[in-house]
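This report walks through one protein chain, part by part. Keep the sequence and the 3D view open while reading.

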Amino acid sequence: MSKADAFAEAGKTAVLQNIHGTMEFLRRYPPFNQMESAHLAFLVENCQLRFYSAGESIIKPDDGPVEHFYIVKQGRVHGERPHSARRGTETTFEITAGECFPMAALIGERATRTEHLAADDTFCLLLNKPAFIKLFALSGPLRDFALRGVSSLLEQVNQQVQLRAVESLGAQYSLDTRLGSLALQKPVSCPPSTPLNEAVRTMHEQHVGSIVIVDDERRPLGIFTLRDLRRVIADGACDLGQAIEELMTQEPFHLPPDATAFDAAIAMTERHIAHVCVVSDGKLRGVVSERDLFSLQRVDLVHMARTIRNASRVQTLAAMRSDIRQLVDNMLAHGASSTQITHIITLLNDHTVCRVIELAIEELGDPGVPFTWLCFGSEGRREQTLHTDQDNGILFEAEDAAEAASIRGRLLPLAERINHDLATCGFTLCKGNIMAGNPQLCLSRLEWGKRFRTFVRESTPENLLGCTIYFDLRSVWGPPDGCEQLRHALLEEIQSNSLFQRMLAETALRHRPPVGRFRDFVVARKGAEKDTLDLKVQGLTPFVDGARLLALSHGIGATNTLERLRLLVDAKVIDAKDGAAYEEAYHFIQQTRMQEHQNQARLGQPYSNRLDPDNLNHLDRRILRESFRQAQRLQSSLALRYQL
């Protein structure tokens, strides 16, 4: 008798009596909500219902290769692993009703690496391995869900198999899906006077993780989630009859119905929330949860960001880099735009930087002085790709040079440690030493202001080059006020200096797009770079430099290139049709660059921005040439504007 048969015989608990009811339950959750009825029926008919008492082990590494697919019907399951720094275990994740496990171990035909324990009295649906294998072959949505959740498995397979797997994933939804079509059409809500126990009962009956508190006209006043419930219980002063308005999170974040799933994912990640209200004309129209976004099978962004924020070691953050690369692979395979991808990469990089800083402070001790971690260059513009190095600095407040020197002495050891740990996490050390551990980049706000004024008033080649790096600055960690004051003073300085603007325009023309007189590509003629062109320096930099020049000259504080172009169109500095053409060209060059990085990573090659245009198909080659031509047009307009 096989292990699966023995398990089924020994564990004859309740055989499912109500197939229809179980199917309706599963249809509320991904991936089952996308499965064909016949396939879902097959799953239910072959499942067993098993009860686990609170604290009981469901599966653990010592059990050997996983033999069942588990779906939580009721209750909660905790994943626990030995704690990396102290004795005992730590809960690494929680699985609730409608969620399934352990997908990676089951597909990888191995034991689970985490012990799964019933956190409460819990019922699970169990599907044996042979039935799961058959269902996996039959159901595209289940296969899609499984493959996207197992980045470690995809990394182990052959490159061509990996490509075929990614390309075969379903495409029912995308990051561009409008929230109006994704959001729950009848959101669960209640009036502010509703008692806590009644609100929680409603959430339980409706199988939702949140309830929106609305007034008589259905305007959202607040939101109460399972996270809030855990907080209330932990406080120990829980009154079940207390009005929900006294416990809710007020003024919940909301987006309009025409916002996209990408907008919601970014908002959840930036704001550390798991639900976004959909509001139109001031009234609640729906709620999108983190789980709804996962049902798109596009990005595990919110979970990935949470893992980064909770990392206890730098090594954990370093290991996340491969997951981020897999995320980019999946997004590229599904046609996500370069803007979406760079935004997500930058967002995850920001979370990583913040966590590295926090871990360094935990280990070395608080320096006892507030400081702001600044980033420059592509990170400052939120345009990072997988191939990135460090461009950062520190800003702090000091009354005079003596105090600044004293504070700098306290901050530099910490800054050097942060730079080192970021390098461990895959952020290459800057060859030009543009890093916070450099004493010249660990400055008070007054010192930064003086340095920037020198850049503008003494336009040496070195200073002009510095402008192209430092003037795309933003704060990543710490108080943002000093950075904004610095930016405001910089814009005032530049707007009143026409000579500097003209010299910065000359700098913006230094990198010419690689298109010749007869509109063919101009490529390197010798050396290791023979027959290639540089997508970053020759393709993207003309747009980046041009947008920066015009934005700084017209008092526009945005740092992102595409945002600068749009604001320049709004300010009528750039014609709307020209702006649209520049944006499309920038998009295509960046997309081509990312695809090259993706191919290089798969082949184990070092990242490079060089491309042999002969390797492109006819259509891509034509579009790339036209994109470079748009960069030429932008540079020609700058030459005319500044009489160069």
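Which residue just after α10 takes a positive phi? The residue is His 207, and its phi is about 55 degrees. The model discussed here is a predicted one.

## The chain as a whole

The chain contains 26 helices and 22 strands. Of its 644 residues, 51% are buried. Among contacts with a separation of 6 or more, 72% are between residues 24 or more positions apart.

## Helix α10 and the residue after it

Helix α10 runs over residues 196-206, and its buried residues are Leu 196, Ala 199 and Met 203. These three lie on the same side of α10, because they cover an arc of only 70 degrees around the axis. His 204 and Glu 205 are exposed on the other side of the helix. The cover over the buried residues of α10 includes strand β11 (210-214), strand β12 (220-225) and helix α11 (226-235).

His 207 sits in the loop between α10 and β11. Its positive phi occurs in a residue other than glycine. With a relative accessible area of 30%, His 207 is partly exposed, whereas Met 203 in the helix is buried.

## Two other backbone details

Glu 251 also has a positive phi, of about 45 degrees, although it is not a glycine. Glu 251 is placed in the loop between β13 (249-250) and β14 (254-255). Its relative accessibility is 71%, so Glu 251 counts as exposed.

A further detail concerns a peptide bond. Phe 101 and Pro 102 are joined by a cis peptide bond, with omega about -10 degrees. Pro 102 belongs to the loop between β7 (100-101) and α4 (103-107).

## Helix α22

Helix α22 covers residues 498-508. Its buried residues are Phe 500, Gln 501, Leu 504, Ala 505, Thr 507 and Ala 508. They are on the same side of α22 because their arc around the axis is only 155 degrees. The face turned away from that buried side carries two exposed residues, Ser 498 and Leu 499.

## The second largest pocket

How much space lies in the second largest pocket? The volume is about 1200 Å³. The pocket is lined by 43 residues, and those closest to its centre are Asp 389, Asp 391, Ile 434, Ile 469 and Lys 536. By type, the lining divides into twelve nonpolar, 18 polar and 13 charged residues.

At least two lining residues come from each of α17 (377-380), α19 (445-457), α20 (461-470), α23 (535-553) and α25 (576-602).

## Thr 541 in helix α23

Thr 541 lies in helix α23, one of the helices that supply residues to the pocket lining. Is Thr 541 buried or exposed? Its relative accessible area is 15%, so Thr 541 is buried, since buried means under 20%. Apart from its neighbours within four places in sequence, Thr 541 is in contact with His 511 and Lys 536. Lys 536 is also among the residues closest to the centre of the second largest pocket.

## Cysteines

A disulfide is a covalent bond between the sulfur atoms of two cysteines. How many disulfides does the structure hold? The count is zero. Cys 277 is buried, with a relative accessible area of 1%. Cys 430 is buried as well, and its relative accessible area is 11%.

Key: Residues numbered from 1 in each chain as written. Predicted model: local features only at pLDDT ≥ 70, side-chain atom pairs only at ≥ 80, totals over all residues. Heavy atoms only, no water. Disulfide = S-S within 2.5 Å. Buried < 20%, exposed > 50% of the residue type's maximum accessible area, 1.4 Å probe, protein only. Helix = DSSP H or I, 4+ residues; strand = E, 2+ residues; numbered from the N terminus. Arc of directions from axis to C-beta. Contact = heavy atoms within 4.5 Å. 1 Å grid on protein atoms, 1.4 Å probe; cavity = no way out; pocket = protein on both sides within 12 Å on 5 of 7 lines; lining within 4 Å. Points joined across faces, edges and corners; volume = space filled by probe spheres on them. Nonpolar A, V, L, I, M, F, W, Y, C, P; charged D, E, K, R; others polar.
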